[in-house]
Amino acid sequence: MSKGILFVLSGPSGVGKGTVLDRVFDKYQDVEYSVSMTTREPRPGEVNGEDYYFVSTSEFKKHKDNDGFIESACVHGNFYGTPKKFVQEALDEGRDIILEIDINGARQVRKSFGDAVYIFLTPPSFDELKNRLEKRDSESKADMEIRLRNARSEMTESDDYDYKVVNDKVDSAAERIIEIIEKEKKGRQDNNDS
Ligand SMILES: Nc1ncnc2c1ncn2[C@@H]1O[C@H](COP(=O)(O)OP(=O)(O)OP(=O)(O)O)[C@@H](O)[C@H]1O
Ligand SMILES: Nc1nc2c(ncn2[C@@H]2O[C@H](COP(=O)(O)O)[C@@H](O)[C@H]2O)c(=O)[nH]1
């Protein structure tokens, strides 16, 4: 059996990664989402085990010390990591997985998974990014400033990604991501057949 494909989605905070991925999963079930672990406090409505595994800093450190992550990073002041077991088992069983992680995490994945596919979601403009973060209203003003400051440097890394997708309209960004997934699956299938 051939291995599954690892997809990595990055982009600045507030660009709409979560929103667009939700739309992808509404339309398309041939890829699975890897639930990350984080020390960030849950936002209203977020569900443990679905949005994230919300853990204490000591639990996070224990998981990291036990080599339990394929990558981890401190992002905007909190720790985030991709649990290794789920991703490795899924890929070994031929299932395709998508990670929603920051640029530092993506850099780490690049070192260990040479053949992953990297997608960067960009906002139509910086003002619109700010507007989306303000409207979401999930962070304090200070935390929002940190996220916006980090966004400027994150955007400079977009050239390291295989695909750039502009999230102007949620539907068209989701469709584009599905097209990319389908194209990559077909490419691997054609390679396996030849
Ligand atoms: N295409 C769009 N047009 C207008 N608003 C959007 C669009 N996509 C997402 N949004 C809104 O922007 C806000 C941020 O979206 P979302 O939480 O999905 O971003 P994110 O990239 O996952 O952020 P973070 O990295 O901080 O988790 C949300 O309020 C969402 O409803
Ligand atoms: N390196 C990793 N980054 C991750 C992971 N899970 C999420 N993230 C990134 O963190 C920021 C902030 O997310 P938020 O939910 O607090 O708004 C965002 O850029 C995510 O992509 C992970 O496992 N590893």
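User: At what angle do helix α5 and helix α6 pack, and how far apart are their axes?

Analyst: Helix α5 (residues 126-136) and helix α6 (residues 141-155) pack at about 155 degrees, with 11 Å between their axes.

User: Why is α5 called roughly antiparallel to α6?

Analyst: The angle is about 155 degrees. Roughly antiparallel needs over 145 (under 35 is roughly parallel, 65 to 115 roughly perpendicular, the rest oblique). So α5 is roughly antiparallel to α6. Angles run from 0 to 180 degrees between N-to-C directions, with axes fitted to C-alpha atoms, for helices over the stretch in contact. This is a predicted model: local features need pLDDT of at least 70, side-chain atom pairs count only at pLDDT 80 or more, and totals for chains, interfaces and linings use all residues. Residues are numbered from 1 along each chain as its sequence is written, while chains are lettered from A and ligands numbered from 1 in the order in which they are written.

User: Which residues of α5 and α6 meet?

Analyst: Leu129, Lys130 and Leu133 of α5 meet Met144, Arg147, Leu148 and Ala151 of α6. Contact means C-beta atoms, placed from the backbone, within 7 Å. By class, this contact has 5 nonpolar, no polar and 2 charged residues. Asp, Glu, Lys and Arg count as charged; Ala, Val, Leu, Ile, Met, Phe, Trp, Tyr, Cys and Pro as nonpolar; the others, Gly among them, as polar.

User: What makes β2 and β9 edge strands?

Analyst: Start with the order. An open sheet of 5 strands runs β2-β7-β1-β8-β9, with parallel pairing. β2 (32-33) and β9 (163-166) each pair on one side only, and are its edge strands. α1 packs on this sheet and touches β1, β2, β7 (97-100) and β8. The direction of α1 makes about 160 degrees with that of β7.

User: How do you know that β1 pairs with β8?

Analyst: Pairing takes at least two DSSP bridges. Strand β1 (residues 6-10) and strand β8 (residues 117-122) have 4, and run parallel. Phe7 has Val117 in β8 as its bridge partner. Strands are DSSP runs (E, at least two residues), and helices are H or I runs of at least four, all numbered from the N terminus.

User: Why do β4 and β5 each have one side without a neighbour?

Analyst: Another open sheet has 4 strands in the order β4-β3-β6-β5, with mixed pairing. β4 (52-54) and β5 are at its edges with a single partner strand each, so one side of each lacks a neighbour in the sheet. The average twist from one strand to the next is 25 degrees.

User: How many bridges join β5 and β6, and in which sense do they pair?

Analyst: There are 6 bridges, in the antiparallel sense. Val75 has Asn78 in β6 as its bridge partner, and Cys74 stands opposite Phe79.

User: Which residues come nearest ligand 2?

Analyst: Of 16 around it, the nearest are Ser36, Ala73, Tyr80, Ile101 and Gly105. β5 (69-75), β6 (78-83) and α4 (103-112) are the elements giving two or more residues to this shell. Near means a C-beta atom, placed from the backbone, within 6 Å. The shell has 4 nonpolar, 7 polar and 5 charged residues.

User: And which come nearest ligand 1?

Analyst: Ser13, Gly16, Gly18, Thr19 and Arg132, of 14 residues around ligand 1. α1 (17-27) and α5 give two or more residues each.

Note on methods. Contact = placed C-beta atoms within 7 Å.
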